[in-house]
Amino acid sequence: MGIFGALTTAVTGMRAQSYALENVSGNIANSQTTAFKRIDTSFQDLIPDNIPSKQLAGGVIASARATNTVQGDIQGASVGTFMAINGDGFFVVQKPTGVQDNTPIFGGTDYYTRRGDFQPDKNGYLVNGAGYYLMGLPIDPTTGNPTGSIPQLLQFQNDFLPAQRTTAVQYRANLAAYPNTNNADTDIPGSELLNPANFSANPVFGPPAPARILGAGATLSPDAVAVGTGTVDISSLTSTGGTFELNGTPITINAGDDATAILAAINAQTGTTGITASLSGTNRLVLTSANADTHIAIGGASTLSLLAELGVNVGTTYATNLLTQNAVGTGQTMEIQVGGNPPLVITFGTGPGQVSTLAELSTALGGLTGGTASVNTTNGNVTVTAATMVDTINVGGTVAHSIFGMQTLTAIPSNNTVIANDLQAFLDSSVGGGAVTAYDVSGSAVNIQFRWAKVDSNLYGGSNTWNLFYMVNSNATGTEPAWANAGVNYTFGANGQMSPLVSTLQLSNVVIDGINLGNIQVNHGSGGITQFADPNGNAQVNLLQQNGYPAGELQTISISEKGRIVGSYSNGRTIDLAEITLANFTGANFLKRIDGGAFAATDESGTPTYGASGTIIGSALEGSNTDIADEFTKLIVTQQAYSANTRVISTTNQMVQDLLNMIR
C-alpha cells in the first residue's frame, strides 16, 4: 500500500495512544478514589496477510488491561464500619432499582466491589459511598455460626437483644489454710472453724437433721467428793482424848485411843455425818465425804488439843458440785421444751427433787419429753436433740446457760441454711468469697454473694474441709434462711489440692431476694479451688464471672478481626451479627467494570465462589492502586508516541505533495 498504508498505520497509532492517554487521565483522576483499580493499556499489532518476504510492520490497536487483583494501600479509618480487604476477594453487594415507602427495592442482581466505606443508613443497611448495599451471612446467636451459605442483604435494626438467664458461673479461688475470721484466735484451737454449737440451725453440709442445741465450750469440773487430809503421822498416837465435832455431830475420842480406835469412832458415825475416815500411805488421817453433795465441816466445839494431835483444823472442806463451783445458785432453774411437749423444768439446789451435781443433772435431763438431752459430766456441756424433723427447741430459766456450753437458746431443724438469727455468728466464722451480678430470664439483676467457712481441720485430727455458702435473702429475719449451703464438702490434701476433685457444682432452684434464677452450674475446673497458706487469711478470688446479661438495645456496629459484623448493645454485650462474605473469581481481571468501583461477573471472569482467602480489616479502607509517578511516566511516553505518529503523517503528507508536484 506504500505511502497511503503508512498514513493509515500512523492514524491507528494516534488512535491507540489517544486511548492510552484516556486511561492515564482516568487513573490520575481516580488516584484518591477508594479501592479504585487502575486500567493499564495493552497494545496489539495488526499485520496484513502477506508472504514472509513482503510482510509489513502493520498497524496497532489498544485495549484495556485490568488490575483488579492488584492490592491498594490499606489505611486506618475512624469509622468502625469501614473495612478493607487484605488479599483476594470482593465484597458482595447489590444496588437498589427503586424506592418504595422510603424503603429501597432490589432487583436481585449481585455485584462485587473492593470499596469498603460502608455505613448504616436509616433502614439499618450498610451502604458504601457509591450506594452499594453490603451482603453477607447472618449469625445464629445461639450457636455463633453462619446461617446458610448464600449471601443476603444485611439489615440491622435497633432491636433489643433478649435477656439471657444466668446458667453458669466460672469460679476459681484460693482459700487460706488458716482463715482469718472474726472469731479466729491462734491461742484458741479451733476458733477459726465454723462451730455448729453457735447456731440455732446447723449450717454445715449434711442431710436434714432434727433441731439440736449442741453444748460446747463449758469448762466445769466433774463432780468430786470432799477430801480432807491431816498433817500429822498418827500411827504411834496415844490420844489425850476429847471431842471431835464432824458435820455437827460430836464424836468422843477417849484418852489412850490409838489411830485404829480413832478411825473406828469416826466411822461409827458415818451414817450421821456422811464422812468416812482412813489412813493415807503416810499414816495421815483422811476424811472423805460420801458424795459430791456432802462437805467436811470440823466444828468449833472440837477439843483443840485433839485437833492438833490429828493434824486438822476447824473449818469446811467442800465437795465439787454445781453449787460449789458457782455454776448455779440455789433456786435457779433450767427449762427445756421441745415442740408442743410439756417443758422440763430443773431446779438447782440441795433440797428434795433439786439438782446440785452433774450426775443429778444427767438424771434430770433424762426426763425430757419429745427429744433427748444429756450433759457431759466431764465438762458440763449440755446437748438437746429433738425427736422429730418438725419440732423446735426452746431453752429458758434463770441459770446462765453458757455455763453449760449452750450458745443458743433456740434450735430449729437444720436444712443446710443459715437463718437470720444466726447471721452474725455465721459472718464471724466465715470469710468473703466475692460476688457476681446474675440475671433471671427477664433480665432482672441480682448479686450472688459467696462466703467460705472452714468446718474441719487436720490440725485437730480431722480433714481440711470447707463449705461454700451463697446469700439467698438479704432482708431475712428470725428463722428465715439468709444464706444457703452449696451442698458439697471441699476437702483438701496436704498439698493444698482438692481431694476428691470438685470440678463442677449444681446449685438447684436458686432464688435470691425473690428473683428466681433457676439452676446454676458453678464451674471450678481442674484445680480451680485450692487451699494454700495466705498471710491475709482470706479467700483470694482469681476468677468469678457468669454467662447471663440483661436485655439491651443495639447502639453501634463495627467490624471484628474475624471479618464479622459485631453489634454493641446498651447492656455492654457485643454479639456477632453477620459474617461478611468475600467472593472470588478465577478470572478476576475479566470482570466488567461499572460505576462506583463495582464489577459484574462475565463469562470470561467465571462465576463467583464464596470464601476467598483475603482477610477483612475493620476501621480501614483500601486506597486506589494508582501510582501517580508511574502514570506521569506513562503520560510522557504516550505523548512522545503520539507526537511521533503525527510526524509520520506530516512526512507522509509531504511525500504525497512531492508526488503530486512531479505530475504537474
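Helices (H or I, at least four residues) and strands (E, at least two) are DSSP runs, numbered from the N terminus. With that in hand, here is a friendly tour of the model.

The model is predicted, with local features needing pLDDT of at least 70 and side-chain atom pairs counting only at pLDDT 80 or more, while totals for chains, interfaces and linings use all residues. Residues are numbered from 1 along each chain as its sequence is written, and side-chain values use heavy atoms, leaving out hydrogens and water.

**The largest pocket**

A pocket is an open set of points on a 1 Å grid over the protein atoms alone, where a 1.4 Å probe fits and protein lies on both sides within 12 Å along at least five of seven lines; lining residues have an atom within 4 Å of a point. The largest pocket holds about 540 Å³ of space, a volume being the space filled by probe spheres set on the points, which are joined across faces, edges and corners. Its lining has 23 residues, and Pro-141, Tyr-569, Ile-575, Asp-576 and Leu-577 are the closest to the centre. Strand 40 (574-580) is among the elements giving two or more residues to this lining, along with strand 12 (152-153) and strand 13 (160-161). The most comes from strand 40, with 4 residues.

**Nonpolar cores**

A nonpolar core is a set of buried Ala, Val, Leu, Ile, Met, Phe, Trp, Tyr and Cys residues joined through side-chain atoms within 4.5 Å. Buried means under 20% relative accessible area, exposed over 50%, and partly exposed in between (1.4 Å probe, protein chains only). The largest core has 32 residues, and Ile-448, Trp-452, Tyr-490 and Leu-517 have the most contacts inside it. Elements giving it two or more residues include strand 14 (168-175), strand 31 (445-456) and strand 33. Strand 33 gives the most, with 5 residues. Trp-452 touches (heavy atoms within 4.5 Å) residues including Tyr-171, Trp-466, Tyr-490 and Ile-529. A second, separate core of 29 residues includes Leu-358, Leu-368, Val-384 and Val-399.

**Backbone details**

Most residues other than glycine have a negative phi, and most peptide bonds are trans.

Asn-326 sits in the loop between strand 22 (315-317) and strand 23 (333-338), and Asp-513 in the loop between strand 34 and strand 35 (515-523). Ser-499 and Pro-500 are joined by a cis peptide bond, with omega about 5°. Pro-500 belongs to the loop between strand 33 (481-492) and strand 34 (504-512).

Notes:
Lists of a residue's contacts leave out its neighbours within four places in sequence.
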